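Please consult it alongside the structure shown here.

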Number of protein chains: 2
Amino acid sequence: MSGPLFRRLCLIGAGLIGSSIARLARERGDIAGTVVAHTRKPETLARIRELGFADVVEEDAARAVEGADCVILCVPVGAYAGVMAQIAPHLAPGCILTDVGSTKGSVIRDLAPLLPPGVHLVPAHPMAGTEHSGPDAGFATLFEGRYTILTPLPGGDRAAQDKVAEFWRRAGSTVESMDAATHDKVVAIVSHLPHLIAFTICGTADDLAEETREAVLRFAASGFRDFTRIAASDVDMWRDIFLNNRDALLEMLARFTEDSHALARAVRWGQSDFIEDRIRRGRRIRRGLIERKQA
Amino acid sequence: MSGPLFRRLCLIGAGLIGSSIARLARERGDIAGTVVAHTRKPETLARIRELGFADVVEEDAARAVEGADCVILCVPVGAYAGVMAQIAPHLAPGCILTDVGSTKGSVIRDLAPLLPPGVHLVPAHPMAGTEHSGPDAGFATLFEGRYTILTPLPGGDRAAQDKVAEFWRRAGSTVESMDAATHDKVVAIVSHLPHLIAFTICGTADDLAEETREAVLRFAASGFRDFTRIAASDVDMWRDIFLNNRDALLEMLARFTEDSHALARAVRWGQSDFIEDRIRRGRRIRRGLIERKQA
């Protein structure tokens with residue numbers, strides 16, 4: 001290896017993902033010469049200084065990106081348009097602009113129109129996370145063994161894409177590429193819809209009559225526990241994901257609702273064969289996951 | 001302690017739960033003098049003999065219950081009516097008839113009408129299980145630290161209820177009592193609806209176009225993984241649970257569907273406040289579970 005991948009790496013946002021990247025860059029010498037971290041809230045800026053994982057902590061987004069050869073957006077996807085309006089005029093020619101957002105169509109929609117000539121946009125989504133958020137929650141090994149999906153733009157700069165892919169490989173990720181629309185459909189069903197369902201079922205339980213609700217909390221079996229594990233997540237991040245993957249999410253919810261009504265109808269009318277078939281399909285998919293060592 | 005709780009304990013069915021009870025009785029001296037196990041399929045009978053966790057392995061259900069002072073039904077709840085027709089004339093006076101089924105209204109519906117005079121019905125539901133099934137899957141500590149819910153009948157024999165409660169306490173369970181209708185509502189939301197949803201979403205994913213489905217299997221993030229963990233369960237058991245807790249399950253699904261539509265509408269129309277409120281409620285329930293050390 002010949003020196004770090006990036007001379008000056010700028011992180012816009014330093015929550016779970018951003019602070020994990022900073023910690024990773026600090027631990028390994030081959031990622032960035034200098035790590036610059038920007039965040040909006042004064043108390044988070046102070047906390048980042050205390051934690052000491054960035055070389056430069058910058059309260060002004062425009063100044064933060066100046067001179068950086070790579071800028072990674074690590075804020076909730078709903079904040080991208082506002083951030084881009086601030087930083088776009090200050091991005092250096094040749095700079096790589098990438099991100100870690102869970103929706104990719106919206107990212108291209110919000111960033112591409114403001115992209116200065118000579119700046120290379122490479123949208124990325126590391127499929128990693130925990131239930132925790134904020135700069136204290138990050139750790140350098142967060143991305144190890146996880147997938148990172150790149151959704152490069154047609155005709156985008158190949159060298160920039162290779163560099164972003166190499167960055168994620170050094171973080172320990174397996175890198176895959178696909179178009180943004182496919183990405184958004186896949187994450188809608190594997191992640192966004194499960195979260196929407198989990199948030200919903202918690203609310204449904206919370207609305208039950210007092211006596212039943214108390215018993216629900218007491219007897220929450222493993223089924224409901226798994227749901228609530230999913231549901232213990234960052235509010236801003238999930239609001240933005242739902243709003244910015246709206247079309248794929250609503251399509252997957254519509255399909256799921258049709259399917260759940262079909263199963264409910266079979267339960268109502270005692271159609272054992274149909275019910276058994278649905279249960280067997282679930283088991284088959286489960287086996288498929290195990291064979292892929294994902295579960 | 002003065003001798004075992006039951007002189008002759010008969011298990012009808014020896015899958016995950018039944019074989020765990022047999023192993024537990026064998027490990028502890030204070031549960032049963034003799035353990036009789038009955039199962040319908042010849043290959044399972046042979047396997048039970050090989051595993052050696054029962055003192056008597058009996059292929060005829062009527063003969064199995066003869067002389068037993070406690071009979072525990074450990075078959076899928078859909079089989080109760082058929083089993084009861086076989087065994088009822090052979091239950092000894094003073095015998096305790098109990099079970100381990102996940103639905104309780106249906107159990108009372110199917111067993112109570114055939115109950116001989118002097119036989120005491122004490123419906124029970126140990127909230128324990130794994131993804132595995134069959135006589136090889138059981139283990140003596142399955143019930144440790146789990147809840148067992150009794151749904152005694154109004155006017156039922158108090159001594160029989162105390163004995164069943166004591167049995168589950170010796171198995172390591174915390175015992176609670178409630179009426180069957182409340183039980184069925186609680187398990188509908190904490191367990192049966194989550195399973196129905198999990199089976200459904202696996203099918204929804206399986207129906208996606210080939211390319212997307214392949215990517216779904218590859219990128220299944222933690223959200224979807226938790227769902228498929230739930231979905232990897234015994235077919236007969238879950239078919240019977242859905243069919244025998246139909247009313248409570250359909251009611252909870254209807255409530256859940258209304259709530260998911262409300263959240264979908266908020267996503268469609270960009271109602272951030274509503275979405276944030278739903279996410280916060282999920283987190284609040286999650287905290288409630290953690291405080292109860294259930295998660």
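The structure is a predicted model, in which local features need pLDDT of at least 70 and side-chain atom pairs count only at pLDDT 80 or more, whereas totals for chains, interfaces and linings use all residues. Residues are numbered from 1 along each chain as its sequence is written, chains are lettered from A and ligands numbered from 1 in the order in which they are written, and side-chain values use heavy atoms, with hydrogens and water left out. Helices (H or I, at least four residues) and strands (E, at least two) are DSSP runs numbered from the N terminus.

**Helix packing**

- In chain A, helix H7 (residues 180-206) packs with helix H10 (residues 235-244) at an angle of about 120°, and their axes lie 11 Å apart. That angle makes H7(A) oblique to H10(A); angles under 35 degrees count as roughly parallel, over 145 as roughly antiparallel, 65 to 115 as roughly perpendicular and the rest as oblique.
- Axes are lines fitted to C-alpha atoms, for helices over the stretch in contact, and angles run from 0 to 180 degrees between N-to-C directions.
- H7(A) and H10(A) cross in a left-handed manner. A crossing has this hand if the near helix is turned anticlockwise from the far one by less than a right angle, and is right-handed if clockwise.
- H7(A) contributes A:Ser191, A:His192, A:His195, A:Leu196 and A:Phe199 to the contact, and H10(A) contributes A:Trp238, A:Ile241 and A:Phe242. Contact means heavy atoms within 4.5 Å.
- The residues of this contact between H7(A) and H10(A) comprise five nonpolar, three polar and no charged. Ala, Val, Leu, Ile, Met, Phe, Trp, Tyr, Cys and Pro count as nonpolar, Asp, Glu, Lys and Arg as charged, and the others, Gly among them, as polar.
- In chain B, the axes of helix H7 (residues 180-206) and helix H11 (residues 246-268) come within 9 Å and cross at roughly 65°, which makes H7(B) roughly perpendicular to H11(B).
- The crossing of H7(B) and H11(B) is right-handed.
- Among the residues that meet here are B:Asp184, B:Lys185 and B:His192 in H7(B), and B:Met252 and B:Phe256 in H11(B). The contact of H7(B) with H11(B) divides into ten nonpolar, one polar and two charged residues.

**Three-stranded sheets**

- Chain B holds an open sheet of three strands in the order S7-S8-S9, with mixed pairing. Its edge strands are S7 (124-126) and S9 (174-177) of chain B, each pairing on one side only. Two strands pair if DSSP finds at least two bridges between them.
- S7(B) and strand S8 (residues 147-150) of chain B are antiparallel, with three bridges; B:Ala124 stands opposite B:Leu150 in S8(B).
- Helix H6 (residues 158-170) of chain B packs on the sheet and touches S7, S8 and S9 of chain B, its direction making about 170° with that of S8(B).
- Chain A also has an open sheet of three strands, ordered S7-S8-S9, with mixed pairing. Strands S7 (124-126) and S9 (174-177) of chain A each have a single partner strand, so one side of each is left without a neighbour in the sheet.
- Strand S8 (residues 147-150) of chain A runs parallel to S9(A), joined by four bridges, and A:Ile149 stands opposite A:Glu176 in S9(A).

**Strands S1 and S2**

- Strand S2 (residues 32-38) of chain A is largely enclosed by the rest of the structure, because five of its seven residues are buried. Buried means under 20% relative accessible area, exposed over 50%, and partly exposed in between (1.4 Å probe, protein chains only).
- Strand S1 (residues 6-12) of chain A pairs with S2(A) in the parallel sense over six bridges, and A:Leu11 has A:Ala37 as its bridge partner in S2(A).
- In chain B, six bridges join strand S1 (residues 6-12) to S2(B), and the two run parallel; B:Phe6 stands opposite B:Ala32 in S2(B).

**Two serine residues**

- B:Ser102 is located in the loop between strand S5 (96-99) and helix H5 (105-111) of chain B, and is buried at a relative accessible area of 15%.
- Leaving aside neighbours within four places in sequence, B:Ser102 has contacts that include B:His125, B:His183 and B:His192.
- B:Ser272 belongs to helix H12 (residues 272-291) of chain B and is partly exposed, at 25% relative accessibility.
- With neighbours within four places in sequence left aside, B:Ser272 is in contact with A:Arg239 and A:Leu243.
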